[in-house]
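Me: I am new to this one. Please show it to me, then let me ask about it.

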Amino acid sequence: MKLLRVTNIQRGCVFDGPGVRTTVFLKGCSLKCPWCCNPETISCKKEWFVDDSKCLFLKEMHSEICEACERKGGTRYITACPFGVAEPTSLDYSEEELFECILHDENLYRISGGGVTFSGGEPLLQAEELIPVLERLKGRGINIAFETTLVAPPGRLGKVKDFVDLYIVDVKLQPQMLLNNTAYIKSLIKSLGVLRDNNIIFRLVFVDEVWENREKVKEQLLKIGISDIELLLCHNLGKIKYKRLSRDYFDFTCNENNAAFFLSFLSKYGISATILAC
Amino acid sequence: MKYFLKQIFKSVIPDDLKNIIRGYRLIRRRNHGISLFKILHLGKVVPSNKNINYLDDYVRQFSIIARRIQVEKGTAYVYPFDNKILRLFSRQLICSITVDFGKVLNSDLNEIRKRLEKVSDLSFRQRELKVVSIIESLALRIAKELNNNNTERNAMLSSYLSRMLYGAPESFDEALQKILFYDALFWQMGHLHIGLGRLDLILKDYYDNDINRGILTETQAKQYLKSFLLTLGKDTLSKSAGLLGDTGQYILLGGINSKGINIDNILTGYFLDLMSELRIPDPKLILRVNSNTDSKIWKKSIHCIMTGIGSPLLMNEGVVMNKMTQFGYDPSDVWNVGTSACWEPLIIGKSFDQNNPFMSAVAISPLNKVIMSGDYDSFEHLFDAYKEAYEEELKSVVKDIQFDCSPLFTLFFDDCIEKENDFTEGGAVYSYHGAQVVSLPNTINALLNIKRLVFDEKKYTLSDCRRALDVNYEGMEDFRLLLSSTGKKFGAVDEEVISLTNNIIAYTSEVTNYLRSNGNPVKIGFSSPNYIGESKNFPASLDGRKQGDPFAVHISPLSSKIDISEILEFSSKLVYKSNCINGNVVDFILPSSYIKQPDKMIDILKNACDKGTFEIQLNVMDKATLIDAKAHPEKYPNLVVRVWGFSAYFNDLPEEYKDNLIRRAEIYEVA
């Protein structure tokens, strides 16, 4: 049985497409955006969040339970800590389990015009495994959105295309990422060509370097043919996750004024941009 | 020495005099500690006279009080509630009553007098006729005083007061004055938590008539209502029963009429708009919602909630009315469901239901007793023992009570005159009193912990549990963390958690079913205001709660892993039997980021109602704001928060309530 590796299933989401949605965060992404707010979704391997604030040993609190812990020279791995110091970043779901989870809010999708959003990570990386779930969701008339970079091995997009009602395409036009990558731009244009009859919302994570490279960003947006785009202001809400994954954290929190200047700048070139309120 | 003298003083003063002294002290507190001279000069404590029948004594007190009431002149409306006058009585006070102000508006004292003259019980007749005369004298005296104080508004109010006692008011403005006049009298006689009821429904005809006659504009109507709300809210200190703000003055909006038609209207919107604008904690709003509740009303309600004032509370009326009918309320009455101040359902204008007169049953208390009593060989046996002890807890709180009387309410509540009985003595159509259970979430979490750690995983023994409770987890913090932070928790959509919760709810219902108070069946609910009061001296519990820490608030999660969607779904899966209707409120604190998507919040709440959630109240606030407000109260003079069934200024709350809100906001922010 093919399992789906999921880091989180978040119900009642109000920022991931129309209506109220359940967002499924799938694990695995081929990009490594340095500001990624869900760093646990980058690797497709199993990982653990280690929250040392829960560790009694590190807090110098005596507990007989901790005697067996590897941190005290015992044989019990930290991943088995009964106090939950280590928690898996993901769970593997069968098609049936994931489908049932999504169905919890079926009534809410109907009332609100919402549905399910597959996000990540890059959901296209698990396209194959997703298909049976997508088929069943489609059969129930549930609206399906993909929050994707469209950066995935060839053929993946074609597999899910018939099921997806909305694409939220996260374009990587930051200088630290693929702003100057001609192959990426070409590939993106090609993928968008495949999706031309579909509903697409474009998003861009705004870091200050986008403002600094505004001419190039604008040029690429026009080249790709994007006339409406939502800006997601880079924040530092993922900081704690980096600590728990023992990874270095770099703060890319942006200057909101720059974002406002960028909006006006784009508007001069016929590109309508909005700041996503979340 | 001071203490010693105080004790001697106390022992030589007769009880009656002590009560009078206490009364004057209370008046002083209600008046921000005004001077003793002023208290003695302007204040009046009206003690009871034990030598006469308490019903007659009430009327005697009413007569004295009505003669002494001083009303403020030059205000938008006359509100004859004089907080320097205090009625004393020895029986248990009656509170949380919702008068049918629709009937009050139509009331005609001459017509009531005629009905009373046909009454055969002479003493009842004389008593009630006297009450009518006292009301008349008071209104006429105030009318005269207003005329002496010559302004256009005073002359207008004077004309209202002279006329309004004898039939329906002639205008919207006069209707508001009539409601305020009687409302003030009810408060003045020592009846607390007087609900205003369905003002959008009962005022609509007056509004329409005036608009059609061209004597009222929308702007004027809003201005009148604003003055009306401010008048009701001006005596919060004197009206608060426990915590400052706990006045029980609710205005009920929306819902169906007697024909089953949804009634929300332009006035519903005005009330919501005005409360959003005023951002005051008192009065408060409750919205009855159904599938036909207008989307504009939903939007205005959410806007009002998002201002952070914790109002309106949402009552899913279809579910509530259905259960009320099953319990024994007449199906033809339930359309007029109101609440007892907070959330406990009753029938407006027909219920003497006292829905919070008992101590709360502390669900966790019998569990501690069982744990301390010895060992059990299985969870099932322990659970059976718990249920047995829980039965005793429930039985111990429900009692017969000698309530205060109200010959004043008797005039305005259905059936009292026809039955020739005081409102409190079988006169009112319904006298179904209610009890409340506190700490249900703590109990569920403790039971789940015991099952998992003691019986399933066998990592601990009941002896360990006993020791932990005995020492308040001193030196056993590791065990406490396991209990509080790991395993399944109340509020999770999990078969075991839901089944255990429903098991206890069903058992609560079964036990309550054969309990009686004053000869009547009793209702029970799982939203008690006593989550801090009852927990203060309560020992540690096996949900990981330490001695004295607050219990969970109503139906709310204690874990940051349970978000608003999950707790709402969980609540919709709870099966409340027909007597479990005494308020079952989901209480959640939303981070302020939700303000940015109010329409989607509406859909989440509508969905919860569709699925059967009983009642919902929401605070919208961030932990950071609350922490800053606690440290710098001067920066947040107008910060209003929802407490149990009422809203209050954050700065007015005792520290333990502030801390509890901060703690909960932190838990839910992570969720």
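**Pockets, a helix and a cavity**

Reply: Start with the second largest pocket: helix 2 of chain B gives the largest share of its lining, eight residues. Helices here are DSSP runs (H or I, at least four residues) and strands are E runs of at least two, numbered from the N terminus. This is a predicted model, where local features need pLDDT of at least 70, side-chain atom pairs count only at pLDDT 80 or more, and totals for chains, interfaces and linings use all residues. Residues are numbered from 1 along each chain as its sequence is written, chains are lettered from A and ligands numbered from 1 in the order written, and side-chain values use heavy atoms, without hydrogens and water.

Me: What volume does the second largest pocket have?

Reply: A pocket is an open set of points on a 1 Å grid over the protein atoms alone, with protein on both sides within 12 Å along at least five of seven lines; lining residues have an atom within 4 Å of a point. Volume is the space filled by probe spheres set on the points, which are joined across faces, edges and corners. For this pocket, that space is about 1200 Å³.

Me: Which residues are closest to the centre of the second largest pocket?

Reply: The lining has 49 residues. The closest to the centre are Phe89(B), Leu93(B), Gly190(B), Leu192(B) and Ala241(B).

Me: Is helix 25 of chain B largely enclosed or open?

Reply: Buried means under 20% relative accessible area, exposed over 50%, and partly exposed in between (1.4 Å probe, protein chains only). Nine of the nine residues of helix 25 (564–572) of chain B are buried, so the rest of the structure leaves this helix largely enclosed.

Me: Which strand of chain A do the buried residues of helix 25 of chain B pack against?

Reply: Contact means heavy atoms within 4.5 Å. In chain B, the partners are helix 24, strand 13, helix 26 and strand 14. In chain A, the partner is strand 1 (4–13).

Me: What is the volume of the largest cavity?

Reply: A cavity is a set of grid points where a 1.4 Å probe fits but cannot get out. The whole structure holds six cavities of 30 Å³ or more. Among the residues lining the largest are Arg11(A), Ser565(B) and Lys611(B). Its volume is about 80 Å³.

Me: Which backbone oxygen does the side chain of Asn449(B) reach?

Reply: Asn449(B) lies in helix 21 (440–456) of chain B. Asn449(B) is buried, at 1% relative accessible area. At 2.9 Å, its side chain reaches the backbone oxygen of Leu542(B).

Notes
Polar contact = N/O pair within 3.5 Å; in protein donor to acceptor, adjacent residues only side chain to side chain.
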